[in-house]
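User: I am new to reading protein structures and would like to learn how to look at one feature after another. Could you take me through an example?

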Amino acid sequence: ELNITFMIFTRKDLQEYLKRDNLGFGSQTFYKRMIKRLGGYENYYIYEFFRVLRHYEFYLNLEKRTLLERVFLLYWKYRYNHSRIKSNMFVAPNTFGPGVMIVHLGFLRCDSWIHIGENCTVLPNVLFGKRNAMNFGSKCSINVGNNVYISVGAIILGPITIGDNVVIGAGSVVNKDIPNNVIVAGVPAKQIGFTLSTN
């Protein structure tokens, strides 16, 4: 089931997502992107992946497409598939809200049943999975709130809901719902502190 709260339907939505993502990656101007591309900076490839993904989402979410828009859909789908192989990241369309920040290249897989809110930061080798991986027919959802920081190597097992303004410690195994404004860590993850609300 898609979370339409974080979906790009119009060109205005697309520009807003691109702007918010750009801020998340440190305001990448055209010239900065070109310098980083020529220099082989990993940050460029992550930012480029999400820039391509946002365009693909826009054309994918259109209810009715002109012939030209169908051509653009195929073009951005090709760019998306090429970019995810190059970056070793698979992020299904319509899973991340605006303002995403992925820190460093590394394995990342977010399937369509995962929904991650606004201004979230994800470090390398974070695993989103199911508690019962052998039950292939079971429905599962992982819902992550806004302003969530997920540290390196964390494992999040659904079905699960994670609140807003949450910090998940490195190597934590999260298998239970997490309320707003807390810090969790450990195996299994337990609350070890509080964060300040950004509201």
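This is a predicted model: local features need pLDDT of at least 70, side-chain atom pairs count only at pLDDT 80 or more; totals for chains, interfaces and linings use all residues.

User: What does the secondary structure of the chain come to, and what share of the residues is buried?

Analyst: The chain has four helices and 14 strands, and buried residues make up 46% of its 199 residues. Among the contacts with a separation of 6 or more, 42% are between residues 24 or more positions apart.

User: How should I read a nonpolar core, and which residues have the most contacts inside the largest one?

Analyst: The general idea is that, in soluble globular proteins, nonpolar side chains tend to be buried together. In this model the largest nonpolar core has 46 residues, and those with the most contacts inside it are Phe50, Phe96, Ile102, Phe128, Ile150, Ile156 and Ile168. Helix α3, which covers residues 42–61, gives the most to this core, with eight residues. If we take Ile150 as an example and leave aside its neighbours within four places in sequence, its contacts include Phe128, Ile156 and Ile168.

User: How is a pair of aromatic rings described, and how many such pairs are there?

Analyst: A pair of aromatic rings is described by the distance of the centres and the angle of the planes. The count here is seven aromatic pairs. One of them is the stacked pair of Tyr59 and Phe72, with 5.6 Å from centre to centre and 25° between the planes. Since Tyr59 lies in helix α3 and Phe72 in helix α4, this pair ties together parts that are 13 residues apart in sequence. Tyr59 counts as buried because its relative accessibility is 5%, whereas Phe72 is partly exposed at 33%. Another pair, Tyr75 and Trp76, is edge-to-face, with 5.1 Å between the centres and 75° between the planes. Ring pairs also link Phe49, Phe50, Tyr56, Tyr80 and Phe96 into a cluster.

User: What about charged side chains: is Arg54 buried or exposed, and which residue does Arg54 meet in a salt bridge?

Analyst: In general, side chains of opposite charge can pair when their charged atoms come close. Arg54, which has its place in helix α3, counts as buried because its relative accessibility is 0%. Its side chain meets that of Glu57 in a salt bridge, at 3.2 Å from N to O, and Glu57 is buried as well, with a relative accessible area of 1%. Because Arg54 and Glu57 are three residues apart in helix α3, about one helical turn separates them. Leaving aside neighbours within four places in sequence, the contacts of Arg54 include Ile8, Asp21 and Phe96.

User: Which residues does the salt bridge of Arg109 join, and how do their accessibilities read?

Analyst: The side chains of Arg109 and Asp111 meet in a salt bridge at 3.1 Å, N to O. Arg109 counts as partly exposed at 38% relative accessibility, whereas Asp111 is buried at 17%. Salt bridges can also share partners, as in the network that joins Glu16, Arg20 and Glu118.

Conventions
Residues are numbered from 1 along each chain as its sequence is written. Side-chain values use heavy atoms; hydrogens and water are left out. A nonpolar core is a set of buried Ala, Val, Leu, Ile, Met, Phe, Trp, Tyr and Cys residues joined through side-chain atoms within 4.5 Å. Buried means under 20% relative accessible area, exposed over 50%, partly exposed in between (1.4 Å probe, protein chains only). Helices (H or I, at least four residues) and strands (E, at least two) are DSSP runs, numbered from the N terminus. Contact means heavy atoms within 4.5 Å. Rings of Phe, Tyr and Trp (its six-membered ring) pair if their centres lie within 6.5 Å; planes under 30 degrees apart count as stacked, over 60 as edge-to-face and the rest as tilted. A salt bridge is a side-chain nitrogen of Lys or Arg within 4 Å of a carboxyl oxygen of Asp or Glu.
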